[in-house]
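Have a look at the model first.

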Amino acid sequence: MTPIEFNICLRKIKTNVKAFNRLYKFYFPKIVIHIFVIYKNKSLSEDVAQEFFMKLMEMQEINYVTYPNSWVYTIAENIAKNIVAKEKKNFAESIDNIKASVNDEYAYQLYGDYWEKLNKLDEQTRKIIIMKIFEGYRYKEIADEMNLKVDTVRQKYCRGIKNLKFMSQN
């Protein structure tokens with residue numbers, strides 16, 4: 001497909017089914033192969049190709065494209081990067097959620113009543129105590145992680161421990 005043919009089809013894509021079909025039949029397999037060569041993932045490649053044509057339909061005004069192949073492949077690669085980044089983020093969040101639930105369950109089994117009392121503390125104090133006792137963080141590391149002053153972390157930790165001792169006595 002020449003740049004002129006590409007641009008004619010591109011201008012008519014929203015109103016002319018033949019123009020859309022021509023671009024789709026020409027570029028869909030090329031996008032799939034191009035993305036597959038980069039990511040070695042057939043499913044991702046097909047998703048990117050479909051997403052490309054969806055984005056193409058959403059574009060308002062497109063200037064004359066001098067190098068259609070480069071233009072198409074650049075957009076497809078950017079779509080693939082966005083999909084992969086989103087999948088990595090979702091995967092990381094899933095792992096964090098699994099770790100949190102496993103840690104909560106494990107801690108509850110080990111420490112039972114203590115864990116229930118810990119949950120009665122405010123969220124920030126509870127997090128400081130968990131990071132200090134269970135995860136082995138130092139005051140400075142906790143302060144950096146939570147964007148607090150070291151003295152504030154130390155004070156909240158000491159008050160939290162006193163509260164836990166008081167709850168255990170009653």
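Predicted model: local features only at pLDDT ≥ 70, side-chain atom pairs only at ≥ 80, totals over all residues.

Numbering starts from 1 along each chain as its sequence is written, and side-chain values use heavy atoms, with hydrogens and water left out.

**Exercise 1.** Work out how many helices and strands the chain has.

Solution. Start with the rule: helices (H or I, at least four residues) and strands (E, at least two) are DSSP runs, numbered from the N terminus. Counting gives 7 helices and 0 strands. Read along the sequence, that's α-α-α-α-α-α-α.

**Exercise 2.** Decide whether Val150 is buried, partly exposed or exposed.

Solution. First, find Val150 in helix α7, residues 150-169. Next, recall the cut-offs: buried is under 20% relative accessible area, exposed is over 50%, and partly exposed is in between (1.4 Å probe, protein chains only). Val150 has 27% relative accessibility, so Val150 counts as partly exposed.

**Exercise 3.** Find out what the nearest side chain of opposite charge to Arg126 is.

Solution. Begin in helix α5, residues 123-134, where Arg126 is found. Arg126 is buried, and the side chain to look for is Glu123, 4.9 Å away. A salt bridge needs a side-chain nitrogen of Lys or Arg within 4 Å of a carboxyl oxygen of Asp or Glu, and Arg126 has none.

Key. Lys, Arg positive; Asp, Glu negative; His and termini not counted.
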